[in-house]
Amino acid sequence: MGRWTDRQASDQARRASAARQSSGRRRKIDPTTSERDYSAEEIEFMTAMQEYKRRSGRMFPTWSEVLEVLHELGYEKHATGDDARLLSNASGPSARA
């Protein structure tokens, strides 16, 4: 029975491997191996995201978590005149009275 189970597992592994190869999907994409030249800032961000995913155990961080990583890197949004206008419109007329 041990040989049958091993053969069955081997057959299943072969089928899964063939399916992965034929699907065109890659399980893990390492941006440093692509043909594109990344800027130092892009590499810093990608490295920070990889570290966050390793540290948190989350393969697919939420946008809030991505923003958290950006803040950890020191990025912050600076308010512009348009931002102030949008914020005052969002607060409604009662806030201006």
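Modeller: In this predicted model, the axes of helix α2 (residues 40-56) and helix α3 (residues 63-72) come within 10 Å and cross at roughly 120°; axes are lines fitted to C-alpha atoms, for helices over the stretch in contact, and angles run from 0 to 180 degrees between N-to-C directions. The two helices are therefore oblique to each other, given that angles under 35 degrees count as roughly parallel, over 145 as roughly antiparallel, 65 to 115 as roughly perpendicular and the rest as oblique. On the α2 side, the contact (heavy atoms within 4.5 Å) is made by F45, A48, M49, Y52 and R55, and on the α3 side by E65, V66, E68, V69, L70 and E72. Sorted by class, this contact has seven nonpolar, no polar and four charged residues; Ala, Val, Leu, Ile, Met, Phe, Trp, Tyr, Cys and Pro count as nonpolar, Asp, Glu, Lys and Arg as charged, and the others, Gly among them, as polar.

E65, which lies in helix α3, is buried, with a relative accessible area of 13%, where buried means under 20%, exposed over 50% and partly exposed in between (1.4 Å probe, protein chains only). Leaving aside residues up to four places away in sequence, E65 touches Y52 and R58. Across the protein chain, buried residues make up 10% of the 97 residues.

Residues are numbered from 1 along each chain as its sequence is written, and side-chain values use heavy atoms, with hydrogens and water left out. Local features need pLDDT of at least 70 and side-chain atom pairs count only at pLDDT 80 or more, whereas totals for chains, interfaces and linings use all residues.

Note on methods:
Helices (H or I, at least four residues) and strands (E, at least two) are DSSP runs, numbered from the N terminus.
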